[in-house]
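Dear colleague,

I am passing on the structure below, and after it I set out what was found in it.

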Amino acid sequence: MRVSEEMHRFLAGLYPICRSITGDGVRRTLAAIRERIPLEIHEVPSGTQVFDWTVPREWNIRDAWIKDPTGRKVVDFQEHNLHVLNYSVPVHEKLPLEELRKRLFTLPDKPDLIPYRTSYYKEAWGFCLRQRTLEELPDGEYEIFIDSTLEDGSLTYGECFLPGESEREILLSTHVCHPSLCNDNLSGIAVMTWLAAEIQKRPRRYSYRFLFIPGTIGSITWLARNEDKVSNVAHGLVAANLGKGGFHYKKSRRGNAEIDRAVLAVLQGSGDVEEFVPFGYDERQYCSPGFNLPVGSLTRTPYGRYPEYHTSADNLDLVAPEALEGSLATYLAVMDVLEGNRRYENLNPKCEPQLGRRGLYRNIGGDDAGRARELALLWTLNFSDGEHSLLDIAERSGMSFAAIRDAADALLEVGLLRERTT
Amino acid sequence: MRVSEEMHRFLAGLYPICRSITGDGVRRTLAAIRERIPLEIHEVPSGTQVFDWTVPREWNIRDAWIKDPTGRKVVDFQEHNLHVLNYSVPVHEKLPLEELRKRLFTLPDKPDLIPYRTSYYKEAWGFCLRQRTLEELPDGEYEIFIDSTLEDGSLTYGECFLPGESEREILLSTHVCHPSLCNDNLSGIAVMTWLAAEIQKRPRRYSYRFLFIPGTIGSITWLARNEDKVSNVAHGLVAANLGKGGFHYKKSRRGNAEIDRAVLAVLQGSGDVEEFVPFGYDERQYCSPGFNLPVGSLTRTPYGRYPEYHTSADNLDLVAPEALEGSLATYLAVMDVLEGNRRYENLNPKCEPQLGRRGLYRNIGGDDAGRARELALLWTLNFSDGEHSLLDIAERSGMSFAAIRDAADALLEVGLLRERTT
Amino acid sequence: MRVSEEMHRFLAGLYPICRSITGDGVRRTLAAIRERIPLEIHEVPSGTQVFDWTVPREWNIRDAWIKDPTGRKVVDFQEHNLHVLNYSVPVHEKLPLEELRKRLFTLPDKPDLIPYRTSYYKEAWGFCLRQRTLEELPDGEYEIFIDSTLEDGSLTYGECFLPGESEREILLSTHVCHPSLCNDNLSGIAVMTWLAAEIQKRPRRYSYRFLFIPGTIGSITWLARNEDKVSNVAHGLVAANLGKGGFHYKKSRRGNAEIDRAVLAVLQGSGDVEEFVPFGYDERQYCSPGFNLPVGSLTRTPYGRYPEYHTSADNLDLVAPEALEGSLATYLAVMDVLEGNRRYENLNPKCEPQLGRRGLYRNIGGDDAGRARELALLWTLNFSDGEHSLLDIAERSGMSFAAIRDAADALLEVGLLRERTT
């Protein structure tokens, strides 16, 4: 089976699960991930103080429905888990339609879609439904039932740590709290799972830390429990919405961190780029001023800005298998830049070395690929002055990082470069 | 009466006065301003050395005319005070038209307008008239009469100082030397008068100094007599041409002073902006290299670049009452930025604080204004790291300074910010 | 005779000579230059080590041809010296067309032009010819003859040093190794010869060094033999392709050196400008990281990017006499900027000095040229604060360097400026 199809199938397996920021939905999701990569599962008890926040009680749900005056189920959690306001407290009562209406959420301008709504930090209950369904409800007495529990328990997250040569690490974070929504964010979960599996096979200069966490409270919890590790974070990305559309990169708060430049070098002008804004996904927390980590967010469709966002239309059809595989490839290319970006010193800095007698320069004429190889050699030699990294040289030359990295390897082999360490 | 009309009426009262860089025209003008704001009147004797310049003799004029060979007054100062070359020495003689022509100034391409001309620093006399009048003059002997005096006296200027919490001051300077010209610069005089009256009513972090001075020699004189005060000038603006058209901002010589950024934050892209050039109004002197004060020039029509500039068409009709009031509002908004621009420290810098439990975050859905308020809170929290001022945050977020200032106030109230002093 | 024609005639005299990186062609060319300017001729023995390179054996050629099976000369060095692969070893043999083909170079998409090809550092022989000629060659046995020598001898270059007040020098380098090609680079040779002759007549703040050298190996040789002089190089330009088209400037590796800004100030937006790239002419060597000299390249048609480049179409018709003279004028203007660019201090820094009483300001009205002169005075006064050079002021004002230089001279004369030396 092709990688793209394998990823999509993985995602299809996770789609039906009703996830939230706590509860068994997250546990089942992490269990599926752990079948593919080493994953440490953390349970953080309800009530734990994490900076300004408190880990909430754990929410689980078995069933929920609305029956109309004739006893017919008009809204049914079993049909779609978006139907229940996420984190609804248990309830079983009868009430007239006029009163029920205050608990119903629809999208009047998208009458066939069910919205996704939550109420994590204020006790409430409610239902989400299609506007079209709402309009057809007859007056009368309705029976409503939500078979949920909201009790002391724990917040669950998964962590995959892959040690490398150095303690300095690359942080990759994705949220696992959304119920049956595919692009946001089963796509991110799939891409991070495959990325971790691939990185695990490779030699690693950096250590890698993959976090599969509930949004907001998850990153806050991780940061609160790992303040001592934060100084090791050399680079980071928040992954989400990777199943559809062109790439979108939101820079880290620092704006010109190596991660920002690495992503731009990989995209080479082909994606949208925006400066850091203090809203979006978990980069909000990683980039809060007390941490200010070099963490950007590489997505395809950006946060909140696609029509199916947070609706039942964000389903399995929305996510293209090829987009998943392309996202994986792009993340891998960014990791290649970070791994390969070093600083060298030209050992023959006065005038050009004679490349011809080292077999690195054609004598007469030649193909375009050969010419590009030679230009990459010249750029790498000229700017390997100890000041410029290979990424600097790729940026300055407009050539791909891979071409410059290849040139550096060829020059290292003939002894014209030496790594500059400090 | 509406403010706009009140301002225009004030300006109408000043219009007939024949002002110059010295003399009773300036004194009468300052007397009218003093009816509205506290104003100290300074008299600086002729002959006083002010840096490279000398305060000139005082000029006053009562009448001036040209009679044609038939004895008819063809040019009459009583009809329009632009008719006389400003600073003309007294003269009464007869001379043929051919000789008189050398003393006559017209605008051949605007044949119905009287030009405004001066000869402050070289003794001369002359008349300004419509090209159409000139063309109709018959040959023959003309009688000319200028009943002026150019004698030792003094240069007069007005100063309104409003002390604030700090010795650091905002300098606001406008020229009062132009005769019957409305936009240039009765508009500036009116806006500065109303601005001073309004600022006088408010609490002031800064002290304010309003200068009503003759152009060039006035600012040179003030600077020469107040070198010890110059280091207190934290921000400044030269006001002129505020009765018509869109806004125009000419930056201070420093180019990125707080005043420059404050004006840009208020204009938010709606006006023309130009870099400092060493010609224009009194910013030439404030921004001379020996002072290099952070003084820009906020006008509507810029210096010299509108068709009615320095002609009889710069009259009461040219100046719109609404433009005057709008100019006042814009100057006040700039002062609000300067007064309100401080640096804060987020007291919960690690991850976001939970705004919901402090009543600062809506729980579900919401109006756009509410959303904008939340974004302003997030921007202000994220960038209140002690490095960024509120103006920095407004610039970076693209939100209005007022929105960011409001957010800071809300956050101060719940104890999430602390002012960073130093 | 007009200068433009004189230059073109000089170039016509050099056109027939078969030059290479060594040999009598270069010697004859330098002899012609020495008739016009003082020129020291250097001979560097074959085998001399120059950094990573070795001075090659000397190449000379007397004749070369190909005879077809009927004995007819189908390719003849006497007709055009591009016909022989430059640096071909001697050969005299018979071989069938199929084998000969491997030694023949054409331009299939420019079938009427002879290409220019070299093989300096790998022993080879070959011929260059028109594609059209190649297509008409009958099968059979061909006789080929190259009467060349490749023997120990020397590499020859010329150096014209014009001492100035200071040891700091301006390096001007042009390549003399191309055979019958006019724009590349007899044009550069002519412009540098005339420039040296003109500079020789003038007072010089800087010393000037003109190098007439074979490309690549020549600059490497000069640098290797003159490492002690390199620190004196304050500014430099590599001259080539100066006979045709608009100007093209390639910046020095430093990117914002004074030479870069001087050239831009002279071009004032009228030419193409590109950042440094590590390929092109001898700036590759001067800007290698071990030297990183402030050397740009001012050409008209840029390196490699015009259709006649390195073909027989780069002939006498391609080069316009007016373009040669214009190139000379532009180089002289750049030298004027470098010579005239100094830093001054306004001796009346507080407010403007009164220019009127010094005869530098008109009293009433005036022509546009007069106004421009006044603006230049104001710019020069305002920014002569010891921080800004005249070139800074020209850049900031958008006025020509010459206008600012004239203003500075006028202000020096009336004692308002003093040179700032440090």
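This is a predicted model, in which local features need pLDDT of at least 70 and side-chain atom pairs count only at pLDDT 80 or more, while totals for chains, interfaces and linings use all residues. Residues are numbered from 1 along each chain as its sequence is written, chains are lettered from A and ligands numbered from 1 in the order in which they are written, and side-chain values use heavy atoms, with hydrogens and water left out.

**Chain C and chain B**

Between chain C and chain B there are 14 residue pairs in polar contact, both residues being at pLDDT 80 or more; a polar contact is a pair of N or O atoms within 3.5 Å, where within protein one must be able to donate a hydrogen and the other to accept it, and where residues adjacent in sequence count only if both atoms are side-chain atoms. On the side of chain C that touches chain B, the elements that give two or more residues are α10 (368-383) and β18 (385-389) of chain C, with helices (H or I, at least four residues) and strands (E, at least two) taken as DSSP runs numbered from the N terminus. The most is given by α10(C), with seven residues. By class, this side of chain C has 10 nonpolar, six polar and seven charged residues, where Ala, Val, Leu, Ile, Met, Phe, Trp, Tyr, Cys and Pro count as nonpolar, Asp, Glu, Lys and Arg as charged, and the others, Gly among them, as polar.

In all, 23 residues of chain C are in contact (heavy atoms within 4.5 Å) with 24 residues of chain B. The two chains bury about 2100 Å² between them, 53% of it on carbon and sulfur atoms; buried area is the accessible area (1.4 Å probe) that two parts lose on being put together, summed over both. The rule finds five salt bridges across this interface, a salt bridge being a side-chain nitrogen of Lys or Arg within 4 Å of a carboxyl oxygen of Asp or Glu. C:Lys350 and B:Glu227 meet in a salt bridge through their side chains, at 2.5 Å from N to O.

**Chain B and chain A**

Here 23 residues of chain B are in contact with 24 residues of chain A, and the area buried between these chains is about 2100 Å², of which carbon and sulfur atoms give 53%. In chain B, the residues that lose the most area to chain A are B:Lys350, B:Cys351 and B:Glu352, together 31% of what that side buries. B:Glu352 also forms a salt bridge with A:Arg284, the closest N and O atoms being 2.5 Å apart.

A salt bridge also joins the side chains of B:Asp385 and A:Arg253 (2.9 Å, N to O). B:Asp385 lies in strand β18 of chain B and A:Arg253 in the loop between β14 (248-250) and α7 (258-267) of chain A, so the pair joins two chains. At 22% relative accessibility B:Asp385 counts as partly exposed, whereas A:Arg253 is buried, with a relative accessible area of 7%; buried means under 20% relative accessible area, exposed over 50%, and partly exposed in between (1.4 Å probe, protein chains only).

**A salt bridge within chain C**

C:Asp336 forms a salt bridge with C:Arg202, the closest N and O atoms being 3.2 Å apart. C:Asp336 lies in helix α9 (residues 321-340) of chain C and C:Arg202 in the loop between α5 (182-201) and β12 (207-213) of that chain, so the pair ties together parts that are 134 residues apart in sequence. C:Asp336 is partly exposed at 40% relative accessibility, and C:Arg202 is partly exposed at 29%.

**Aromatic pairs**

Over all chains the count comes to 42 aromatic pairs, where rings of Phe, Tyr and Trp (its six-membered ring) pair if their centres lie within 6.5 Å, and planes under 30 degrees apart count as stacked, over 60 as edge-to-face and the rest as tilted. The rings of A:Phe383 and C:Phe276 have centres 6.3 Å apart and planes at 65 degrees, so this pair is edge-to-face. The pair crosses between chains, from helix α10 (residues 368-383) of chain A to the loop between β15 (272-274) and α8 (283-286) of chain C, and both A:Phe383 and C:Phe276 are buried.

With best regards
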